[in-house]
Amino acid sequence: MPPRRFSNEPAFVLHRYDWSESSLILEVFTRNHGRTALVAKGAKKPSSNFRPVLLPLQPLHLGWTQSAGGDAEIHTLKGAEWVGGHIMPTGDALLAGLYMNELLLRLLARGDPHALLFDHYAAVVRVLASEHGEALEPVLRLFELVLLREVGLLPALDLQTLTQHALDPAARYTLVAEGGLRAAGSDERASLRGAQWLLLAQALQEGAALTALLRACAPVAFELKPQLRALLQYHCGSPRLRTRQFMMDVQAL
């Protein structure tokens, strides 16, 4: 059986590792094939066409071959083209993008496609590159919610998880790693009103349209942040996310 060939696949580089003196191993997120590992032979050579292209947070079209039988975990990169459209994010936006990449590496299995998640990731990267700093927190919360939902780790947001009771729009509820959505204690600041959780649930059910999710996330981004971060870290396990630890260290300076 001849090797399978893939071409013009929308993709982003999540991470790259040295493989030899001249080559790289890439972890990429593709729209139709999910997370994929590729070897970019000769990519570190000054003369390589891959060298200026294989950067994180840049939209690419990739081509590769899969060995006969399809049982190899790492495939051979044959082509890489920068699609263009935006520049590399900088500062806090760059850190936010690398944080998203680390989440994808931790939570996505190889070969498990998530086209909707890819589209939201691409849209968030465009926002990060646009220098709209006020949108940074809402779009990160949006991405975290869609990621958790797509990999099956987000509990229903319109019910209390343990009791399956409907939410009271005026009462406050908190999302916890071990117990899902539950009534908030009087001393818990990280919580949302039932009406806000219901709005998030509705936005996620409506095909997870970016604009609807952004409108739902923007007013509650501050309160959502510690709840989603704790849930994500719980499912990522140890050690602590490296990008998250780096941001905490910078803030402590």
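In which kind of crossing, left-handed or right-handed, does α1 pass α6? The crossing of α1 past α6 is left-handed, a term used when the near helix is turned anticlockwise from the far one by less than a right angle, clockwise being right-handed. The structure is a predicted model, in which local features need pLDDT of at least 70 and side-chain atom pairs count only at pLDDT 80 or more, while totals for chains, interfaces and linings use all residues. Residues are numbered from 1 along each chain as its sequence is written, and side-chain values use heavy atoms, leaving out hydrogens and water.

**Helices α1 and α6**

- Helix α1 covers residues 91–107 and helix α6 covers residues 221–236; helices are DSSP runs (H or I, at least four residues), numbered from the N terminus.
- The two helices pack at about 40°, with their axes 10 Å apart; axes are lines fitted to C-alpha atoms over the stretch in contact, and angles run from 0 to 180 degrees between N-to-C directions.
- Tyr99, Leu103, Arg106 and Leu107 of α1 meet Arg229, Leu232, Gln233, His235 and Cys236 of α6, where contact means heavy atoms within 4.5 Å.

**Domains 1 and 2**

- The protein is divided into domain 1 (4–82) and domain 2 (91–252), with bounds from an automatic or database domain assignment.
- The domain centres, taken over C-alpha atoms, lie 29 Å apart.
- The contact takes 18 residues from domain 1 and 20 residues from domain 2.
- About 1800 Å² is buried between the domains, 66% of it from carbon and sulfur atoms; buried area is the accessible area (1.4 Å probe) that two parts lose on being put together, summed over both.
- Phe29, Arg35 and Leu57 supply 42% of the area that domain 1 buries against domain 2, more than any other three residues.
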